[in-house]
Every structure is written in structure tokens, then in C-alpha cells.
Amino acid sequence: MCGACLGATTMSLHHKLCHILGGTFDLPHAETHTILLPYVAAFNLPAAPAAGQALSRALAADDVPGHLARTSVELGAPRSLADIGLTQDDVDEVIGQAVDRPYNS
């Protein structure tokens, strides 16, 4: 069912990057999502001010990406993709796949 849902819609940048990282480099699913979320939020929220305002209210935080990052650290989550196995040499492959694939793949 999840695959059918993803196949019927477009995939967000966050989810797309996580699937590239998990599928190509076998990075752990939850940790990958946790690490990327603050960065993708920082990238996307300027283009989605209403979503940013809603998240700010829900989290009681003016800096949503910063709040997400601090919360992850407080909970003991890994802080970087290097912490879970990605190397600098892997970055070009991630970029290539992210640029070459449409969001719904």
C-alpha cells in the first residue's frame, strides 16, 4: 500500500534524498530521515511561508530547522550522515541521483 501511495504522487525532497541514501548506501532509515529533516526544512520553508508559520506555532519555535536539529541532539540522534556511514566520496553519487531522478521516482 505504501508503494502504491508513493507511486501515485510526487515525493518530497526530504523523502527522495532519504530513499537515495538508504537504497544506494544502505543507511538506516529512521536515522537518515532524522539527520536530513532540519536541513531540508531550512531549504524548503522559505518557499512555503504558511507551512513555516504553522510549524512555528506547533513547535512553539521561531527557528523551525534549528529547533528540529536541537531536539535531535537532545534525544541522542546522530548528527551527520558521516555518523551513520556516508563518506565524502559518496556525495557526488547522491547529487547525481538527486538531479537525474524526477521527484516521483
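Q: Between which directions do the angles of helix axes run, and over which stretch are the axes fitted?
A: This is a predicted model. Axes are lines fitted to C-alpha atoms, and angles run from 0 to 180 degrees between N-to-C directions.

Q: At what angle do H3 and H5 pack?
A: The two axes lie 8 Å apart. The angle between H3 and H5 is about 165°.

Q: Is H3 roughly parallel or roughly antiparallel to H5?
A: Angles over 145 degrees count as roughly antiparallel. H3 and H5 pack at about 165°. Therefore H3 is, relative to H5, roughly antiparallel.

Q: Is the crossing of H3 and H5 left-handed or right-handed?
A: The helices pack with axes 8 Å apart. As H3 passes H5, the crossing is left-handed.

Q: Which residues in H5 does H3 meet?
A: From H3 come Thr34, Leu37, Pro38, Ala41 and Ala42. By class, this contact has seven nonpolar, two polar and no charged residues. The H5 side consists of Pro65, Leu68, Ala69 and Ser72.

Q: Which element gives the most to the lining of the largest pocket?
A: The lining is made of Thr34, Ile35, Pro38, Tyr39, Ala69, Ser72, Val73, Ala77, Pro78 and Arg79. Helix H3 (29–44) and helix H5 (64–74) each give two or more of these residues. With four residues, the top contributor is H3.

Q: How many charged residues are in the lining of the largest pocket?
A: The pocket holds about 150 Å³ of space. Its lining has seven nonpolar and two polar residues. The charged count is one.

Definitions and conventions:
Residues numbered from 1 in each chain as written. Predicted model: local features only at pLDDT ≥ 70, side-chain atom pairs only at ≥ 80, totals over all residues. Heavy atoms only, no water. 1 Å grid on protein atoms, 1.4 Å probe; cavity = no way out; pocket = protein on both sides within 12 Å on 5 of 7 lines; lining within 4 Å. Points joined across faces, edges and corners; volume = space filled by probe spheres on them. Nonpolar A, V, L, I, M, F, W, Y, C, P; charged D, E, K, R; others polar. Parallel < 35°, antiparallel > 145°, perpendicular 65-115°, else oblique. Left-handed = near helix turned anticlockwise from the far one by under 90°. Contact = heavy atoms within 4.5 Å.
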